[in-house]
Amino acid sequence: MGMREQIETAAARYPDRRSAIMPALLIAQQAHGHLPGPVLEEVADILGVERIWVYELATFYTLFHTEPVGRFHLQLCDNLSCMLCGAERLLAHMETVLGIGKGETTADGLFTLSTVECLGACEMAPVMQVGDHYHGNLNIARVDELLDRLRASAPRVETIAPAAAPSPGE
Ligand code: FES
């Protein structure tokens, strides 16, 4: 099913099409990887709602990405419970080992590092969301182990050796 059909199916569950903006944005993000302006406008047009309503939601919630993100989006919670349990140290550590700052993506496109508001899992602070998964009770060793695991799970880009130049007479 294409994006338009999926959005129409989602919208049919709501009495008001404006209420379907959040699920529609999730569908569009899944289809496009992120939500640039033209995609937001397409979502608004499919739902027949004001474009500003779609822009407002897409730019407010950290689960929506209006800019491209890496293969793994590391979203570290930096609210109170996580801060008290060492989130600041974990952020500094990841910035050092990944060689990027908050909001940036590694040159190989593997990791984007962000901080987010409370993930609603304070009982296992400090917490980081990667994709659909929560990783809790983190410390530096666990973060290193997680980054290694994610790197190892990423599809390898094969390096193809350039073809040898034909010898004279070939
Ligand atoms: S403060 Fe981090 S999950 Fe709630």
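Biologist: Where is Val-39 found?

Modeller: In this predicted model, Val-39 is part of helix α3.

Biologist: Buried or exposed?

Modeller: Val-39 counts as buried, because its relative accessibility is 6% and the cut-off for buried is under 20%.

Biologist: Which residues is Val-39 in contact with, leaving aside its neighbours within four places in sequence?

Modeller: Ala-28 and His-32. The C-alpha atoms of Val-39 and Ala-28 are separated by 7.2 Å, and the two residues are 11 apart along the chain.

Biologist: Switching to helix packing. At what angle do α2 and α4 pack?

Modeller: The angle is about 70 degrees, and the axes are 10 Å apart. Helix α2 covers residues 21-32 and helix α4 covers residues 51-60.

Biologist: What does that make them, roughly parallel or roughly perpendicular?

Modeller: Roughly perpendicular, because angles of 65 to 115 degrees count that way.

Biologist: And the crossing, left-handed or right-handed?

Modeller: Helix α2 passes α4 in a right-handed crossing.

Biologist: Which residues meet there?

Modeller: From α2 there are Ile-21, Met-22 and Leu-25. From α4 there are Trp-53, Val-54, Leu-57 and Ala-58. By class, this contact has seven nonpolar residues, with no polar and no charged ones.

Biologist: On to charges, then. How many salt bridges does the count come to?

Modeller: Five. One of the salt bridges is between the side chains of Arg-17 and Glu-8, with 3.1 Å from N to O.

Biologist: Are Arg-17 and Glu-8 buried or partly exposed?

Modeller: Arg-17 counts as partly exposed, at 31% relative accessibility. Glu-8 is also partly exposed, at 31%.

Biologist: What does Glu-41 form a salt bridge with?

Modeller: With Arg-51; the closest N and O atoms of that pair are 3.7 Å apart.

Biologist: How accessible are Glu-41 and Arg-51?

Modeller: Glu-41 counts as partly exposed at 26% relative accessibility. Arg-51 is partly exposed too, with a relative accessible area of 38%.

Biologist: Which residues are linked with Glu-41 in a network of salt bridges?

Modeller: Asp-45 and Arg-51 are linked with Glu-41 in that network.

Biologist: What about Asp-148, which residue does it form a salt bridge with?

Modeller: Arg-151, and their closest N and O atoms are 3.3 Å apart. Both residues lie in helix α7, residues 140-153. They are three residues apart, about one turn of the helix. Asp-148 is partly exposed at 47% relative accessible area, and Arg-151 is partly exposed at 34%.

Biologist: Changing topic to the backbone. Which residues does a cis peptide bond join?

Modeller: Ala-125 and Pro-126, with omega at about -5 degrees.

Biologist: Where is the place of Pro-126?

Modeller: Pro-126 is in the loop between β2, residues 111-116, and β3, residues 128-130.

Biologist: Last one: which residue has a positive phi although it is not a glycine?

Modeller: Asn-137, where phi is about 50 degrees. Asn-137 sits in the loop between β4, residues 133-135, and α7.

Biologist: Is Asn-137 buried or partly exposed?

Modeller: Asn-137 is partly exposed, with a relative accessible area of 40%.

How values were computed. Residues numbered from 1 in each chain as written. Predicted model: local features only at pLDDT ≥ 70, side-chain atom pairs only at ≥ 80, totals over all residues. Heavy atoms only, no water. Axes fitted to C-alpha atoms, helices over the stretch in contact; angles between N-to-C directions. Helix = DSSP H or I, 4+ residues; strand = E, 2+ residues; numbered from the N terminus. Parallel < 35°, antiparallel > 145°, perpendicular 65-115°, else oblique. Left-handed = near helix turned anticlockwise from the far one by under 90°. Contact = heavy atoms within 4.5 Å. Nonpolar A, V, L, I, M, F, W, Y, C, P; charged D, E, K, R; others polar. Salt bridge = Lys/Arg side-chain N within 4 Å of Asp/Glu carboxyl O. Buried < 20%, exposed > 50% of the residue type's maximum accessible area, 1.4 Å probe, protein only.
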